[in-house]
Amino acid sequence: MRFLPRLIFCTALGIITFLSWRLLLRSPATGQRGDLAPRAEEGFTLTLDTFLRIQQLRKKRLRAFCSQPGKVTTLPRSPGDRACLLSSLRVSTKLDLLYCQVPSTGMEEWQQLLGKLEKENVTLPVPLPYPWHHTRETQLSKFNLTEIEAVLGSYTKVLFVRDPFHRLISTFMQGMGSSPSFSSFVQDVLDIGPLNASTAWKPLVSICRPCLVQYDYVVMFGFLRQELGYLLQRAGLPVDNLLPEFTDSQVQWTYGWLSEQMFSELSLQQKQQLSHFYRWDLAAFPFSSSFLSDLHSTPETW
């Protein structure tokens, strides 16, 4: 499958979905570090107790990552700097929710769900009388510094995460960029570098600033329906008959199969550079099943 055109990959994606789902569901049940991927056995049901334990593990790992030097942990005083730093953070003032908008992590279904919830007769305590109260969701950067600090201190904050290599494959499959093959696309990404990277493939740590924003929930792509159900229930929001049909679990395993094929297209140097490119994401989040994890070693300084 070396250097196959993107169109063939898109066709293959539909054909292998069922086969890869059946084969890869046979993985052993582990996930002690907050990675549910190895536990996705057929018929696996996430209990509330397991969900809460998994959240503790993910946030513990994130706190350990943020304890390293060089992390962004304070809000800039300049409105322009804040706008740049918080550009991907969205707020629903009606639902008291904040989330980070990251492509290819289940945003479409999540925003569909928020649209349904905002139409419901939901009554939640709001700490401050914002001018935007009970209006459509907005960017956090639209608020002033005092309001931003209040939102960060009181709203339910949700972070969606996904294997960075899967995000990269998804970006390629969606036709972003002009590269004819995955290896040339990866090379373009590496040549552009992290500073000028598109949000489509930019490291999640650089987009969502998890050392600045103390996220209450870290939600993993592949288990969105189960995890979001418990999350909204604990946030006091109605969930009955409102959760959309998430397809991330099937897609997750299809991309697991594709990862092996597309990873083999890359040179050893590209693999190592890509692992370095996503080193923060690999250190901050439990991607034990990622192809990039085997190449990743946590540096002493960040």
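Predicted model: local features only at pLDDT ≥ 70, side-chain atom pairs only at ≥ 80, totals over all residues.
The buried residues of H7 pack against H6, helix H10 (248–263) and helix H11 (268–277).

Helix H7 spans residues 182–192, and its buried residues are Phe182, Ser183, Phe185, Val186, Val189 and Leu190. Viewed along the axis of H7, these buried residues fall within an arc of 160 degrees, so they line one face of the helix. An α-helix has 3.6 residues a turn, so residues three or four places apart point the same way. Just after H7, Gly193 takes a positive phi of about 85 degrees.

Between H7 and H11 the packing angle is about 45 degrees, and the axes are 11 Å apart, which means that H7 is oblique to H11. The crossing of H7 past H11 is left-handed. On the H7 side, Ser183, Val186, Gln187, Val189 and Leu190 take part in this meeting, while H11 contributes Gln270, Gln273, Leu274 and Phe277.

Within H6 (residues 164–173) lies Ser170, which counts as buried because its relative accessibility is 5%, a value that falls under the 20% cut-off. Leaving aside residues up to four places away in sequence, Ser170 touches Ser104, Arg162 and Tyr255.

The sheet is open and has 5 strands in the order S3-S1-S2-S4-S5, with mixed pairing. Strand S3 (138–139) and strand S5 (217–220) stand at the edges with a single partner strand each, so one side of each is left without a neighbour in the sheet.

| Strands | Sense | Bridges | Facing residues |
|---|---|---|---|
| S2 and S4 | parallel | 3 bridges | Leu98 (S2) and Lys157 (S4) |
| S4 and S5 | parallel | 4 bridges | Leu159 (S4) and Val218 (S5) |

In the hairpin of S1 and S2, where 4 residues lie between the strands, Asp96 takes a positive phi near 55 degrees. Strand S2 (residues 97–100) directs Leu97 and Tyr99 one way and Leu98 and Cys100 the other way, and all of these residues are buried.

Conventions
Residues numbered from 1 in each chain as written. Heavy atoms only, no water. Helix = DSSP H or I, 4+ residues; strand = E, 2+ residues; numbered from the N terminus. Buried < 20%, exposed > 50% of the residue type's maximum accessible area, 1.4 Å probe, protein only. Contact = heavy atoms within 4.5 Å. Pairing = 2+ DSSP bridges. Arc of directions from axis to C-beta. Axes fitted to C-alpha atoms, helices over the stretch in contact; angles between N-to-C directions. Parallel < 35°, antiparallel > 145°, perpendicular 65-115°, else oblique. Left-handed = near helix turned anticlockwise from the far one by under 90°.
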